[in-house]
Amino acid sequence: APKRIAVVGAGPAGLGYATVAAQRGHAVSLFDAASEIGGQFNLGNPDQYPPGSVTPVEAGRFYLVRLEDGGLLAIYRRCTHLGCAVPYDQATGQFVCPCHGSAFTADGDVLNAPAPRPLDLFSLSINQDGEILVDTGKAIERDHTDPAVIVYA
(Lines give C-alpha, C1' and ligand atoms only; values in the text may rest on other atoms or scores of the structure.)
Protein backbone atom coordinates (compact mmCIF):
# COMPACT_ATOMS: atom_id res chain seq x y z
CA ALA A 1 0.00 0.00 0.00
CA PRO A 2 1.33 3.48 -0.79
CA LYS A 3 2.35 5.66 2.15
CA ARG A 4 0.21 8.70 2.73
CA ILE A 5 1.25 11.85 4.51
CA ALA A 6 -0.77 14.82 5.66
CA VAL A 7 1.17 17.99 6.36
CA VAL A 8 -1.02 20.77 7.67
CA GLY A 9 0.17 24.35 7.53
CA ALA A 10 3.50 23.61 5.87
CA GLY A 11 4.45 25.53 2.78
CA PRO A 12 5.35 23.82 -0.48
CA ALA A 13 8.97 23.38 0.61
CA GLY A 14 7.94 21.61 3.81
CA LEU A 15 5.52 19.39 1.94
CA GLY A 16 8.19 18.54 -0.60
CA TYR A 17 10.64 17.55 2.12
CA ALA A 18 8.05 15.43 3.92
CA THR A 19 7.08 13.67 0.69
CA VAL A 20 10.68 12.91 -0.27
CA ALA A 21 11.48 11.65 3.22
CA ALA A 22 8.38 9.43 3.25
CA GLN A 23 9.25 7.98 -0.14
CA ARG A 24 12.69 7.09 1.21
CA GLY A 25 11.09 5.46 4.23
CA HIS A 26 12.49 7.90 6.83
CA ALA A 27 10.57 9.08 9.84
CA VAL A 28 9.78 12.74 9.40
CA SER A 29 9.98 15.20 12.27
CA LEU A 30 9.92 18.71 10.88
CA PHE A 31 9.62 20.35 14.28
CA ASP A 32 10.80 19.51 17.79
CA ALA A 33 7.71 19.18 19.95
CA ALA A 34 7.55 21.93 22.58
CA SER A 35 6.22 19.38 25.07
CA GLU A 36 9.56 17.58 24.95
CA ILE A 37 11.48 20.51 26.42
CA GLY A 38 11.13 22.01 29.85
CA GLY A 39 13.51 20.03 32.06
CA GLN A 40 16.28 21.04 34.43
CA PHE A 41 19.63 19.37 33.79
CA ASN A 42 22.61 19.15 36.14
CA LEU A 43 25.59 18.32 33.92
CA GLY A 44 28.19 18.21 36.67
CA ASN A 45 31.60 19.84 36.80
CA PRO A 46 32.72 21.85 33.76
CA ASP A 47 36.17 20.24 33.95
CA GLN A 48 34.75 16.99 32.56
CA TYR A 49 34.05 18.78 29.26
CA PRO A 50 37.29 19.61 27.43
CA PRO A 51 37.68 22.96 25.64
CA GLY A 52 36.46 22.68 22.05
CA SER A 53 33.98 19.89 22.86
CA VAL A 54 30.32 19.56 21.83
CA THR A 55 28.31 17.11 23.96
CA PRO A 56 24.78 16.10 22.92
CA VAL A 57 22.22 15.98 25.74
CA GLU A 58 19.54 13.92 23.98
CA ALA A 59 16.94 14.09 26.77
CA GLY A 60 17.09 17.89 26.67
CA ARG A 61 17.33 18.25 22.89
CA PHE A 62 20.42 20.47 23.22
CA TYR A 63 24.19 20.44 23.01
CA LEU A 64 26.54 21.50 25.78
CA VAL A 65 29.25 23.44 23.98
CA ARG A 66 32.59 24.10 25.68
CA LEU A 67 34.31 26.71 23.55
CA GLU A 68 38.08 26.73 23.05
CA ASP A 69 38.42 29.52 25.65
CA GLY A 70 36.48 27.45 28.23
CA GLY A 71 33.16 29.29 27.84
CA LEU A 72 29.92 27.28 28.02
CA LEU A 73 26.71 27.43 25.99
CA ALA A 74 23.59 25.24 25.91
CA ILE A 75 22.54 25.28 22.25
CA TYR A 76 19.05 24.12 21.24
CA ARG A 77 19.33 21.62 18.40
CA ARG A 78 16.34 23.06 16.46
CA CYS A 79 17.22 24.84 13.21
CA THR A 80 16.03 28.45 13.07
CA HIS A 81 14.93 27.96 9.45
CA LEU A 82 12.11 25.39 9.66
CA GLY A 83 12.78 23.58 12.94
CA CYS A 84 14.63 20.45 11.82
CA ALA A 85 16.92 18.75 14.34
CA VAL A 86 20.49 19.88 13.63
CA PRO A 87 23.33 17.40 14.24
CA TYR A 88 26.89 18.42 15.03
CA ASP A 89 29.47 17.42 12.42
CA GLN A 90 32.69 16.61 14.28
CA ALA A 91 34.72 16.56 11.05
CA THR A 92 33.89 20.17 10.11
CA GLY A 93 33.30 21.51 13.63
CA GLN A 94 29.89 22.82 12.54
CA PHE A 95 26.22 22.21 13.16
CA VAL A 96 24.79 21.27 9.74
CA CYS A 97 21.05 21.02 9.10
CA PRO A 98 20.17 17.97 6.97
CA CYS A 99 16.94 19.53 5.67
CA HIS A 100 18.07 22.60 3.73
CA GLY A 101 21.82 22.87 4.33
CA SER A 102 22.01 25.64 6.92
CA ALA A 103 25.33 25.52 8.77
CA PHE A 104 26.30 27.06 12.11
CA THR A 105 29.54 27.64 14.05
CA ALA A 106 30.20 25.94 17.39
CA ASP A 107 28.62 28.95 19.15
CA GLY A 108 25.54 28.70 16.90
CA ASP A 109 26.23 31.60 14.53
CA VAL A 110 24.93 31.22 10.95
CA LEU A 111 27.57 30.23 8.39
CA ASN A 112 25.24 29.20 5.58
CA ALA A 113 21.63 30.23 4.85
CA PRO A 114 18.66 29.67 4.64
CA ALA A 115 18.65 29.90 8.46
CA PRO A 116 17.78 33.54 9.24
CA ARG A 117 19.50 33.76 12.65
CA PRO A 118 21.77 31.87 15.08
CA LEU A 119 20.67 28.71 16.87
CA ASP A 120 18.65 29.34 20.03
CA LEU A 121 20.08 28.85 23.50
CA PHE A 122 18.85 27.51 26.81
CA SER A 123 19.65 29.19 30.12
CA LEU A 124 22.95 27.91 31.56
CA SER A 125 24.40 28.73 34.96
CA ILE A 126 26.96 27.43 37.43
CA ASN A 127 25.56 26.59 40.90
CA GLN A 128 27.27 27.07 44.27
CA ASP A 129 28.80 23.57 43.99
CA GLY A 130 30.44 24.54 40.68
CA GLU A 131 28.09 22.36 38.59
CA ILE A 132 26.56 23.24 35.22
CA LEU A 133 22.78 23.76 35.34
CA VAL A 134 20.71 24.03 32.16
CA ASP A 135 17.03 25.03 32.14
CA THR A 136 15.23 24.02 28.94
CA GLY A 137 11.94 25.66 29.99
CA LYS A 138 12.16 28.32 27.31
CA ALA A 139 14.40 28.68 24.28
CA ILE A 140 16.30 31.98 24.16
CA GLU A 141 16.00 33.41 20.65
CA ARG A 142 18.80 35.61 19.37
CA ASP A 143 19.24 37.67 16.24
CA HIS A 144 23.06 37.69 16.56
CA THR A 145 25.72 35.96 18.62
CA ASP A 146 26.84 37.87 21.67
CA PRO A 147 29.86 36.98 23.83
CA ALA A 148 27.94 38.30 26.85
CA VAL A 149 25.77 35.14 26.90
CA ILE A 150 28.75 32.79 27.25
CA VAL A 151 29.10 31.42 30.80
CA TYR A 152 32.51 30.89 32.38
CA ALA A 153 33.03 28.64 35.39
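Asp89 stands opposite Gln94 in strand 6. Strands here, like helices, are DSSP runs numbered from the N terminus (strands E, at least two residues; helices H or I, at least four). The model is predicted: local features need pLDDT of at least 70, side-chain atom pairs count only at pLDDT 80 or more, and totals for chains, interfaces and linings use all residues. Residues are numbered from 1 along each chain as its sequence is written, and side-chain values use heavy atoms, with hydrogens and water left out.

**The open sheet**
- Strand 6 covers residues 94-96 and runs antiparallel to strand 5, with two bridges joining them.
- Two strands count as paired if DSSP finds at least two bridges between them.
- Four strands make up an open sheet, ordered 5-6-7-8, with antiparallel pairing.
- Strand 5 and strand 8 are at the edges, each with a single partner strand, so one side of each has no neighbour in the sheet.

**Salt bridges**
- The whole structure holds four salt bridges.
- A salt bridge here is a side-chain nitrogen of Lys or Arg within 4 Å of a carboxyl oxygen of Asp or Glu.
- One of them links Glu58 and Arg77, at 2.9 Å from N to O.
- Glu58 sits in the loop between strand 2 (53-57) and strand 3 (62-66), and Arg77 in the loop between strand 4 (72-76) and strand 5 (88-89), so the pair ties together parts 19 residues apart in sequence.
- Another joins Asp120 and Arg78, at 3.1 Å from N to O.
- Asp120 lies in the loop between strand 8 (110-112) and strand 9 (121-126), and Arg78 in the loop between strand 4 and strand 5, so this pair ties together parts 42 residues apart in sequence.
- Asp120 also bridges to Arg117, with the closest N and O atoms 2.5 Å apart.
- Shared partners join Arg78, Arg117, Asp120 and Glu141 into one network of salt bridges.

**Buried or exposed**
- Buried means under 20% relative accessible area, exposed over 50%, and partly exposed in between (1.4 Å probe, protein chains only).
- Glu58 is exposed at 53%, whereas Arg77 is buried at 14%.
- Asp120 is buried at 0%, and Arg78 is partly exposed at 21%.
- Arg117 is buried, as is Asp120.

**Confidence**
- The protein chain has a mean pLDDT of 83, and 76% of its residues reach 70 or more.
- Over residues 2-36 the pLDDT is below 50, and this stretch has 29 contacts in the model beyond near neighbours in sequence.
- pLDDT is the predictor's confidence in each residue, from 0 to 100, and a contact means heavy atoms within 4.5 Å.
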